[in-house]
Amino acid sequence: MDTTSFSTQFTALEDAWALAQGIVDTVREPVLVLDKELRVIAASRSFYAAFKVTPEETQGRLVYALGDGQWDIPALRVLLEKIIPERSEIEGYEVEHEFPDLGHRTMCLNARKVYYAHGTSTTIILGIEDITAQRVLEREKDELLRMKDTLMAELEHRVANSLQIIASILLMKARTVKSEETRLHLQDARERVMSVAAVQQQLHASGSAGLIDMVPYLTRLSQSLATSMIGDTRPIVLKVTGDGGFATSRQAESLGLIVTELVMNALKHAFPGDKDGSLIVVAYQTAGTDWKLSVSDNGVGKPDGVFAQPKSGLGTGIVTAISQQLDAKVEVLSGPTGTSASVTYATFPPSAMQPAANAAAI
């Protein structure tokens, strides 16, 4: 090779090195370039700044010897000596280490093995992202969520106890008053307090965070209503049907209160004689984002349009008010074969309005 050719090649290598170093220095996260012996060929400025070392202390040294052995990390050895030779690249490899000057650090390592067209030498590019603060925030968030869950459980427990106390007081007052009308009002108030308690209990059982699977939730709620309001003395069967669907905890609470009021109305008015074969069906249907909740009975029936009457009872007013909050429409159909009250959000296609075929007895 003549002198001119050698000079040209040398200049090209210098330019390539300057370009490579410039690229490394522009990367915001710390970067090391290692040769096949795992010695540092180059390091980014961000590496020097983050780990408080100088180029003289870094370049040409074995990576494990950096910082007086601070980088002799078992997990890093596994990455460089076992994983990279097998896979050639790795992303998101997390390493924790205690640095004497920097303290505990959690680092996310990204590494890639570079092969060249000529020669047998290889290079490893090692990117180092300090995610210590991120992991600390995640642990703090997890702890706050745990504390929130604990506080919510305590709050739910206290609310349940308070509702039970209120219900007991109302029952005691109902037994002592002389006025039959007052007694009925107190008993009615107690039933509504107990219905709120039942809804809260079933929401807690379903998991109050996130979405609630409505059919299991309504099934458990109906089981609770059947136990407390029907018992073994009345020949009434309460069933739940549905084709799935989820709701937020707030929506599930509102729908649970509606179901409770409609079931209570059916128990009070649909079966004055408590005949065998008496049936109440709670149905929940979905079609996309639309849903329909209905409570039907095979009782004596009542006038159509009862929910539009200004002198309707407290239960009717509660159902109407909650439905308005949900932007849902209330409809009541009644006849010789019983009454069906439905609460519908949006518009269902005709096929989706058909009742579910399967029903689970409560």
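## Aromatic pairs

Eight aromatic pairs turn up in this predicted model, counting rings of Phe, Tyr and Trp (its six-membered ring) whose centres lie within 6.5 Å. Planes under 30 degrees apart count as stacked, over 60 as edge-to-face and the rest as tilted. Helices (H or I, at least four residues) and strands (E, at least two) are DSSP runs, numbered from the N terminus.

How buried are the two partners? Trp291 is buried, with a relative accessible area of 9%, while Tyr345 comes out as partly exposed at 31%. Buried here is under 20% relative accessible area, exposed is over 50%, and partly exposed is in between (1.4 Å probe, protein chains only).

Elsewhere, ring pairs join Phe47, Tyr48, Phe51, Trp71 and Phe99 into a cluster.

The largest nonpolar core has 39 residues, and Leu218, Ile258 and Leu293 have the most contacts inside it. A core here is a set of buried Ala, Val, Leu, Ile, Met, Phe, Trp, Tyr and Cys residues joined through side-chain atoms within 4.5 Å. Among the elements that each supply at least two of its residues are helix 7 (180-206), helix 8 (214-230), strand 10 (290-297) and strand 12 (338-345). Helix 9 gives the most to this core, with nine residues.

Leaving out residues up to four places away in sequence, Ile258 touches Leu293, Val319, Ile322, Ser323, Leu326 and Val343; a contact means heavy atoms within 4.5 Å. Apart from this core lies another one, of 30 residues, including Leu32, Leu66, Trp71 and Leu126.

Mean pLDDT (the predictor's confidence in each residue, from 0 to 100) is 79 for the chain, and 79% of residues reach 70 or more. Strand 10 has the highest confidence, at 93, and strand 13 (residues 360-361) the lowest, at a mean of 42.

Over residues 304-311 the pLDDT is below 50, with 16 contacts in the model beyond near neighbours in sequence. Residues 350-362 also stay under 50, with 27 contacts beyond four places in sequence.

## Ground rules

Residues are numbered from 1 along each chain as its sequence is written, and side-chain values use heavy atoms, with hydrogens and water left out. As this is a predicted model, local features need pLDDT of at least 70 and side-chain atom pairs count only at pLDDT 80 or more, while totals for chains, interfaces and linings use all residues.
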